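Subject: Structure handover

Hello,

Here is the structure for you to look through. My notes on what was found follow below it.

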Amino acid sequence: MAELKKKNLIFFGAPGAGKGTFAGALKEVHPVAHISTGDLLRDEIKRDTELGRAASGIMKAGKLVPDEIVAGMVRVRLSQPDCRKGFILDGYPRTVAQAGLLDHVLKDLGMTLDRVVYLKVPDEVILQRLTARVSCKNCKAIYNKIFKPSKKDGVCDVCGGELIQRADDSLETAKSRLKVFYDQTSPLLALYRERGMVFEITELELARATKLMLDELEKE
Ligand code: ADP
Ligand code: ZN
């Protein structure tokens with residue numbers, strides 16, 4: 001397989017845009033390191049490290065973990081040998097300040113950024129996805145009305161209990177998450193646009209690109 005010319009990427013997209021799915025599909029074709037700061041932070045919490053203990057309360061409150069902490073974590077991860085073949089940054093940077101810190105880290109490591117891939121999904125679709133999660137009042141089983149529906153609408157497959165929506169999956173919360181994303185991301189996108197690095201991909205193209213990739217992989 002030909003070596004990728006542009007291999008160091010940032011994936012941008014609202015929560016629920018499908019960054020993780022696309023990163024997974026791309027990885028099938030080209031083995032690049034998938035670096036999600038959310039995953040890295042959850043891993044620190046699981047291992048009960050000092051960093052994890054510092055981050056856990058902040059994450060529970062839905063706030064951003066301090067820039068220096070996240071930048072340090074990303075620096076350590078990018079220093080690992082697998083990132084030399086290319087990387088996808090998922091969920092990082094989120095602010096202009098974080099982008100500045102990332103520039104420093106990359107410079108220190110002798111790496112460059114090649115593309116910022118912006119997954120552009122209509123707000124209605126995002127809101128629908130973010131609010132599609134329901135759980136059983138009784139046994140707490142989790143369903144998603146779009147991706148993992150129960151057999152009977154509103155009724156738990158496991159215990160027959162009533163399916164309800166959690167407060168933090170409500171339309172209001174979803175709207176505010178989306179607003180936070182746009183507020184923080186617009187200046188960031190503008191910055192990378194100025195650098196001529198942004199590559200926009202719509203959901204239709206995404207579905208097609210993913211299918212094309214998978215078709216290719218299934219060929220003899
Ligand atoms: P979400 O899309 O809900 O933000 P993530 O898994 O990307 O989910 O992140 C979970 C949490 O981890 C965030 O709410 C935030 O507290 C923290 N986090 C992740 N990435 C960053 C980042 N780049 N800067 C600061 N905090 C971050
Ligand atoms: Zn149940």
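Ligand 1 sits in the largest pocket. A pocket here is an open set of points on a 1 Å grid over the protein atoms alone, with protein on both sides within 12 Å along at least five of seven lines, and a molecule sits in it if more than half of its atoms lie within 2 Å of its grid points.

This is a predicted model, in which local features need pLDDT of at least 70 and side-chain atom pairs pLDDT 80 or more, while totals for chains, interfaces and linings use all residues. Residues are numbered from 1 along each chain as written, chains are lettered from A and ligands numbered from 1 in written order, and side-chain values use heavy atoms, without hydrogens and water.

Around ligand 1 there are 14 residues, of which T37, R42, K63, R94 and Q98 come nearest (a heavy atom within 4 Å counts as near). Helix α2, residues 37-46, gives the most to this shell, with 4 residues (helices are DSSP runs of H or I, at least four residues; strands are runs of E, at least two).

Some polar contacts (N or O pairs within 3.5 Å) follow. A polar side-chain atom of R94 is 2.5 Å from an oxygen atom of ligand 1. A backbone N or O atom of K63 lies 2.6 Å from a ligand oxygen atom, and one of G91 lies 3.0 Å from a ligand nitrogen atom.

The protein chain has 8 helices and 8 strands. Its C-alpha atoms fill a box of roughly 55 × 50 × 35 Å along the principal axes.

Regards

Note on methods: Polar contact = N/O pair within 3.5 Å; in protein donor to acceptor, adjacent residues only side chain to side chain. 1 Å grid on protein atoms, 1.4 Å probe; cavity = no way out; pocket = protein on both sides within 12 Å on 5 of 7 lines; lining within 4 Å.
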